[in-house]
Amino acid sequence: MRGAGFQVEARNVRDDSLTAVRRASGVPAALESCHTAQVGGYVIEGHVPAEAIRRLLRERPADVAGLAVPGMPAGSPGMSAGAQGDGHYDVLAFGRDGRTRVYERH
């Protein structure tokens with residue numbers, strides 16, 4: 001994210017603390033991944049591409065609490081293609097009501 005121009009403040013936290021942050025931020029359990037971030041009032045979960053975050057901040061959809069790339073799919077930022085899967089993955093938008101939809105396909 002730093003390489004994409006975002007200012008980053010990283011913290012290492014215990015798993016139970018991170019779970020509490022996710023719950024408080026409205027991340028559905030099914031969308032959990034390895035990283036959780038907050039930017040511009042939104043939650044970012046997992047290996048979400050910088051371009052998707054920029055789009056979110058530009059569009060500012062009122063019904064979206066955040067974006068997620070569940071798991072660690074091949075081809076997502078930081079994951080090499082071919083590691084697992086075919087390198088295609090979806091960025092999901094989730095609302096505070098728990099509803100999800102595909103925000104972008106990669």
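The structure is a predicted model, in which local features need pLDDT of at least 70, side-chain atom pairs count only at pLDDT 80 or more, and totals for chains, interfaces and linings use all residues. Residues are numbered from 1 along each chain as its sequence is written, and side-chain values use heavy atoms, with hydrogens and water left out. Helices (H or I, at least four residues) and strands (E, at least two) are DSSP runs numbered from the N terminus.

Five strands form an open sheet in the order 1-2-3-4-5, and their pairing is mixed. Two strands count as paired if DSSP finds at least two bridges between them. Strand 1 (36–39) and strand 5 (100–105) are at the edges with a single partner strand each, so one side of each has no neighbour in the sheet. On average, neighbouring strands of this sheet are turned by 25 degrees against each other, direction ignored.

Strand 3 (residues 66–69) and strand 4 (residues 90–94) run antiparallel and are joined by three bridges. Strand 4 and strand 5 also run antiparallel, with five bridges between them.

| Residue | Opposite residue |
|---|---|
| G66 | F94 in strand 4 |
| L67 | A93 in strand 4 |
| D90 | R105 in strand 5 |

The hairpin of strand 4 and strand 5 has five residues between the strands, and there G98 takes a positive phi near 90 degrees. Strand 4 is mostly covered, with four of its five residues buried. Here buried means under 20% relative accessible area, exposed means over 50%, and partly exposed is in between (1.4 Å probe, protein chains only).

Contact means heavy atoms within 4.5 Å.

Which residues of helix 1 are buried? They are L18, R22 and S25. These residues cover an arc of only 70 degrees around the axis, which puts them on the same side of helix 1. The arc is that of the directions from the helix axis to the C-beta atoms. An α-helix has 3.6 residues a turn, so residues three or four places apart point the same way. The buried residues of helix 1 pack against strand 1, strand 2 and strand 4. Just after helix 1, G26 has a positive phi of about 85 degrees.

Helix 2 (residues 50–59) lies across strand 1, strand 2, strand 3, strand 4 and strand 5, and runs at about 120 degrees to strand 5.

**The nonpolar cores**

A nonpolar core is a set of buried Ala, Val, Leu, Ile, Met, Phe, Trp, Tyr and Cys residues joined through side-chain atoms within 4.5 Å. The largest one has 16 residues, of which I44, V48, I53, L56, L67, V91 and Y103 touch the most other members. Two or more residues of this core come from each of strand 2, helix 2, strand 3 and strand 4. Helix 2 gives the largest share, four residues. A second, separate core has seven residues, including V27, L31, A68 and L92.

Not counting residues up to four places away in sequence, Y103 touches A52, R55, L56, E59, L67, V91, L92 and A93.

E104 is buried, with a relative accessible area of 15%. Its side chain makes a polar contact with the side chain of R55 (3.5 Å). A polar contact is a pair of N or O atoms within 3.5 Å; within protein, one must be able to donate a hydrogen and the other to accept it, and residues adjacent in sequence count only if both atoms are side-chain atoms. Leaving aside neighbours within four places in sequence, E104 is in contact with A52, R55, Y89, D90 and V91.

P49 is in the loop between strand 2 and helix 2. P49 counts as buried at 3% relative accessibility. Its C-alpha atom is separated by 8.3 Å from that of V91, which is 42 residues apart from P49 along the chain.

R60 is in the loop between helix 2 and strand 3. At 44% relative accessibility, R60 counts as partly exposed. R60 has a positive phi of about 45 degrees although it is not a glycine. Most residues other than glycine have a negative phi.

Notes: Axes are lines fitted to C-alpha atoms, for helices over the stretch in contact, and angles run from 0 to 180 degrees between N-to-C directions.
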